[in-house]
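Please look over the sequence and the model shown below before reading on. The paragraphs that follow go from the contacts between chains to the inside of one of them.

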Amino acid sequence: MTVGTADEPGPLLRVRGLTKHFPTRGGRRRGGPVRAVDGLDFEVRAGETLGLVGESGCGKSTTGRLLVRLLEPTDGSIEFAGHDLTRAGRRQLRPLRAQLQIIFQDPYASLNPRHTVGRIIAMPLRVSRADPPGGTKARVRELMELVGLNPEHYNRYPHEFSGGQRQRVGIARALATRPRLVVADEPVSALDVSIQAQVVNLLRRLQRDLGLALILIAHDLAVVRHLCQRVAVMYLGRIVEIGDRDDIYERPQHPYTRALLSAVPNVGHLGPAGRLRLTGEVPTPLDPPSGCRFRTRCPKARDRCAVEEPALVRRGGGQATACHFPESGPLRPERGRATA
Amino acid sequence: MLRFLVKRTLSAVLTLFAVSVLTFLMFFALPRDPVTGMCPKNCNPERLERVRQELGLSDPLVDQYAGYMKGIVTGRELSAAQGGYCDAPCLGWSYVNNEAVTDTLARVLPVTLSIVVPAAILWLLLGVGLGLVSALRRGTWVDRAAIGFALTGASLQLYFVGAVLLLVFVHTLGWLPVPGYTSLFDDPVRWAGGLVLAWVSLALLFSASYARLFRAQLLETLGEDFVRTARAKGLPSSAVYGRHALRAAITPVVTVAGLDVGAALGGTVITETTFGIQGLGRTAVDAVRAGDLPTIMATVLVAAVFVVLANMLVDLLYLAIDPRVRWG
Amino acid sequence: MSLSPVDGTALVAIESGGPAGGSRDRRSVGRSPGQLAWLRLRGDRTAFVSGATLVLLVLVAFAAPLIELTYGIGPRDQFQGKLDGFGLPLGHAGGVSGEHFFGLEPGLGRDVFIRLVYGLRTSLFVAVSAAVLTAVIGVVLGTLAGYLGGWVDAVVTWVTDLTLALPFLVVALALIPTLTLRFHGQRDAVPPAFGVGVLIVIFALFGWTGTARLVRGQVIALREREFVAAARASGAGPGHMLFRQLLPNLWAPILVSFSLAVPQFITGEAALSFIGVGLTQETPSFGRMIYQSLAYLQTDPAFVLFPGVTIFALVFAVNLFGDALRDALDPKSAR
């Protein structure tokens with residue numbers, strides 16, 4: 001199977017009620033589990049790019065790992081190309097895994113130091129027992145060229161490459177089996193800023209050329225804006241707002257999204273006065289606040305927020321928002337008022 | 001914390017239980033008749049039979065084992081020939097030594113302690129000293145000499161060193177008496193004189209690993225951030241080494257030392273044999289040779305207790321020193 | 001005494017994560033971490049000298065029959081005529097002469113040199129075989145415990161503690177005659193090969209703990225690394241995981257524990273002979289020779305010296321080489 005086709009019914013990936021609770025040490029006596037991911041619903045169409053953003057600890061990396069089944073979900077379902085991943089056994093999973101790959105954050109830890117890059121890139125082919133036309137070696141060379149590496153370096157070891165080059169190796173590995181969906185978990189945050197742009201542009205080019213669906217997990221909002229058509233904002237294991245990029249970036253409705261965006265100087269076209277500051281600490285996912293999880297830090301929180309959990313619903317605008325008192329309008333207009 | 005302690009103690013008890021069962025089985029797997037080893041010299045068949053009865057050797061193995069364990073916990077009734085009632089930590093009666101095994105232990109344990117404790121102090125001082133010197137003078141001839149010395153010590157065989165030391169200091173020069181044990185409280189000078197060769201040989205052999213370990217640790221900690229910070233703060237180098245680096249580097253040394261001492265207290269067989277000193281190790285070896293089950297059981301158990309205790313102590317020490325260790 | 005060779009020093013400074021640091025010399029094309037370690041090792045003078053000594057000793061051990069042929073004396077030939085009335089060799093330094101390089105044994109009058117050559121053969125064979133077995137057991141148990149975790153880990157850890165709690169020499173002392181009598185009657189002649197086999201098994205049974213611990217720790221550290229996750233995400237089975245992904249990263253700790261185990265077992269063989277349960281009388285071995293020689297400490301010191309110095313040289317060379325190997329495998333500890 002090659003690139004995703006438009007005639008396939010329904011989305012490529014459909015996530016319903018995805019939940020992951022980690023048990024804490026010491027058992028039940030010390031309180032409940034860590035609710036890292038607590039009921040996610042979203043869909044990704046073939047060839048589409050979705051950005052998953054949020055502060056560290058909001059569960060976005062856990063989500064990425066759940067999607068490729070590096071972690072077993074506590075509850076919920078992940079439907080990929082019509083198959084339910086959460087119920088598939090190892091044997092049924094193997095052909096699906098080839099179509100669903102992951103790129104890791106740390107280009108140092110994600111490559112086996114004792115393997116040549118050729119072997120590293122060929123690993124998914126070998127594991128999925130794929131036999132590419134022209135042989136594995138030719139395919140690996142092709143991939144190296146595709147990601148901008150010199151195919152002659154086939155027999156080199158990871159320690160002989162720079163961080164950016166290593167990340168390219170990681171990308172090549174993820175593309176080896178011609179996947180339809182790639183989860184990229186903070187693919188550039190471990191790289192030097194000067195290298196980040198190169199890798200981001202590489203990802204964008206590959207996504208377009210190969211028609212990949214891409215889920216980009218990042219805390220860097222500029223990177224997400226550059227790469228993604230749709231954006232989901234996560235807070236404490238939940239999606240608080242999801243929608244098209246321009247809606248999210250230009251007309252965010254959830255107070256958390258607004259706060260996040262306003263914290264980035266070059267994204268929201270804001271003056272200094274437009275900043276919405278978040279006060280307080282992120283509550284522990286061991287015992288999230290009742291009702292709306294964001295209420296403890298929300299400038300607009302009322303009594304209702306403590307009692308009733310807001311549903312993720314679409315009102316006006318292009319996005320769905322989980323808030324009782326959503327904002328509206330562009331992020332900018334406060335400028336005038338604040339300077340007065 | 002409590003949870004950790006309970007868990008750790010349970011696993012220790014389980015280990016000791018397994019050791020006792022294994023020893024019991026091993027002895028009965030010995031192809032010789034266990035009675036011959038437990039019967040006094042020139043045994044006639046009737047006497048043999050009586051001993052068999054006294055020891056309950058015709059009872060099922062499980063009963064024998066249960067009786068033995070009960071003796072340790074509550075004490076038990078033994079036959080008149082075995083000295084009658086045997087008090088709480090009852091380890092049985094040895095026909096070979098013709099005394100209660102607890103009495104044998106009371107006699108030989110101080111000997112092994114007298115060998116191991118001073119030797120351990122000596123090897124720790126020597127090892128840490130060599131390691132410190134070589135780490136501070138890294139790459140110089142001092143470093144190479146210290147490590148060379150340590151490696152030489154580690155490559156020596158105890159009986160060979162012992163033999164040479166004996167030949168030189170006892171037989172040729174006559175500076176020291178023939179090694180032997182005198183109680184520390186009777187005559188400290190003779191106590192030290194009779195054991196000093198054993199201490200030196202053990203220290204020579206053991207200090208090597210400590211020197212290398214400490215050197216490696218020290219070099220590693222000296223490269224770490226907090227040490228660099230301490231230096232950058234302008235602390236004098238003595239304070240940097242003393243307060244910051246040394247403390248961090250000594251932890252693994254203490255760990256290894258704890259385990260080594262624990263193991264050594266179980267009997268320094270080779271040392272005791274080389275110098276002809278009757279400690280726990282020698283007693284164990286003699287007991288195996290004579291097929292003296294109660295003594296074998298006791299010596300193996302005591303050795304295991306030392307190792308297990310040392311293990312636990314080291315774990316606790318780690319908790320105290322390094323708060324990062326989780327109480328799993 | 002704990003027989004486990006790796007418990008102390010080695011646990012600290014071994015990290016097989018491969019050389020850290022980014023860009024390296026462009027010319028070092030396609031050098032694996034293993035090759036880099038080899039290069040470092042080759043550049044180390046101590047390693048070269050000790051390595052050469054080791055190779056020489058191994059060659060001597062292998063060529064023992066050849067040496068016997070050229071030397072003209074076998075390990076069981078007796079030269080009673082060259083002993084005095086007390087059974088002590090005539091001449092200087094225990095009868096050293098052009099004919100008998102290291103002199104003669106008091107009592108039986110056998111040639112010390114050729115017995116040492118054969119003793120070297122026995123010692124090396126026992127130590128290396130036991131070290132290989134130890135490494136296999138340790139790697140298997142350590143990998144399983146580290147990779148699977150859970151109750152497997154708990155059981156392996158507990159068995160490790162149990163093994164460490166048993167006093168090795170005492171147990172070996174009880175086990176060896178038991179095993180021997182199990183397979184050979186009281187009066188049967190025990191073939192030398194059997195004694196050697198029992199010794200190797202006993203060493204392996206007691207010696208694996210250090211390797212297992214070391215490998216377990218390493219596997220736990222590796223398990224969390226993302227390249228392992230990458231393989232898992234591609235659907236790799238346990239076989240691929242253990243052999244393709246993990247094992248290549250375990251060579252450093254395996255080699256290190258091997259280098260620590262060999263001298264430990266050479267010493268152990270001698271120690272067992274010393275307390276009287278080593279190999280049979282016919283098998284020439286270092287331990288037995290030293291054990292016998294101690295009785296002549298005052299009358300024939302040369303007889304103590306030759307085996308003692310030879311075994312020291314062997315163990316020293318292994319230790320030096322092992323030390324250099326550790327440095328080469330762990331770039332962080334570079335001097």
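In this predicted model, chain C meets chain B through 44 residues of its own, which are in contact with 47 residues of chain B. On the side of chain C that touches chain B, two or more residues come from each of the elements α1 (10–13), α6 (150–165), α7 (168–183), α11 (251–274) and α13 (301–329) of chain C. The element that gives the most to this side is α13(C), with 10 residues. Sorted by class, the side of chain C that touches chain B holds 30 nonpolar, 9 polar and 5 charged residues.

Chain C also touches chain A, and here 27 residues of chain C are in contact with 29 residues of chain A. At least two residues of the side of chain C that touches chain A are supplied by each of α9 (226–233) and α10 (238–246) of chain C, and α9(C) gives the most, with 7 residues. The class counts for the side of chain C that touches chain A are 10 nonpolar, 12 polar and 5 charged residues.

One residue of chain A can be followed across to chain C. A:M123 is found in helix α3 (residues 117–127) of chain A, and when its neighbours within four places in sequence are left aside, A:M123 is in contact with A:R173, C:A231 and C:S234. Is A:M123 buried or exposed? A:M123 counts as buried because it has 23 C-beta neighbours inside 10 Å, where the cut-off for a buried residue is 20 or more. Within chain A, A:M123 and A:V140 are 17 residues apart in sequence, and their C-alpha atoms are 10.0 Å apart in space.

Turning to chain A as a whole, its secondary structure comes to 11 helices and 12 strands, and buried residues make up 49% of its 340 residues. Among the contacts in chain A between residues at least 6 apart in sequence, 67% join residues that are at least 24 apart.

Chain A is divided into domain 1 (11–22 + 34–228) and domain 2 (249–332), and the centres of these two domains of chain A, taken over C-alpha atoms, are separated by 29 Å. Where the domains meet, 8 residues of domain 1 of chain A are in contact with 10 residues of domain 2 of chain A. On the side of domain 1 that touches domain 2, β2 (34–44) and α7 (221–227) of chain A each supply at least two residues, and by class this side of domain 1 of chain A has 4 nonpolar, 1 polar and 3 charged residues.

An open sheet of 8 strands in chain A has the order β6-β7-β8-β3-β9-β10-β12-β11, with mixed pairing. Which strands stand at the edges? They are β6 (100–103) and β11 (313–314) of chain A, and each has a single partner strand, so one side of each is left without a neighbour in the sheet. For β11(A), 2 bridges make the join to strand β12 (residues 320–321) of chain A, and the two run antiparallel; in this pair, A:V313 stands opposite A:T321 in β12(A). Helix α5 (residues 163–175) of chain A packs on the sheet, where it touches β6 and β7 (181–185) of chain A, and its direction makes about 175 degrees with that of β6(A).

Some backbone details of chain A remain. Most residues other than glycine have a negative phi. A:R178, found in the loop between α5 and β7 of chain A, has a positive phi near 50 degrees, and A:R178 is partly exposed, with 19 other C-beta atoms within 10 Å. A:A81, found in the loop between β4 (75–80) and β5 (83–84) of chain A, also has a positive phi, near 50 degrees, but A:A81 counts as buried because it has 20 C-beta neighbours inside 10 Å.

Helix α1 (residues 60–67) of chain A has 8 of its 8 residues buried, so the helix is largely enclosed by the rest of the structure. Among these buried residues of α1(A) are A:K60 and A:R65, along with A:G64, A:L66 and A:L67.

Notes: Residues numbered from 1 in each chain as written. Chains lettered and ligands numbered in written order. Predicted model: local features only at pLDDT ≥ 70, side-chain atom pairs only at ≥ 80, totals over all residues. Contact = placed C-beta atoms within 7 Å. Helix = DSSP H or I, 4+ residues; strand = E, 2+ residues; numbered from the N terminus. Nonpolar A, V, L, I, M, F, W, Y, C, P; charged D, E, K, R; others polar. Domains from an automatic or database assignment. Pairing = 2+ DSSP bridges. Axes fitted to C-alpha atoms, helices over the stretch in contact; angles between N-to-C directions. Buried ≥ 20, exposed ≤ 12 C-beta atoms within 10 Å, placed from the backbone.
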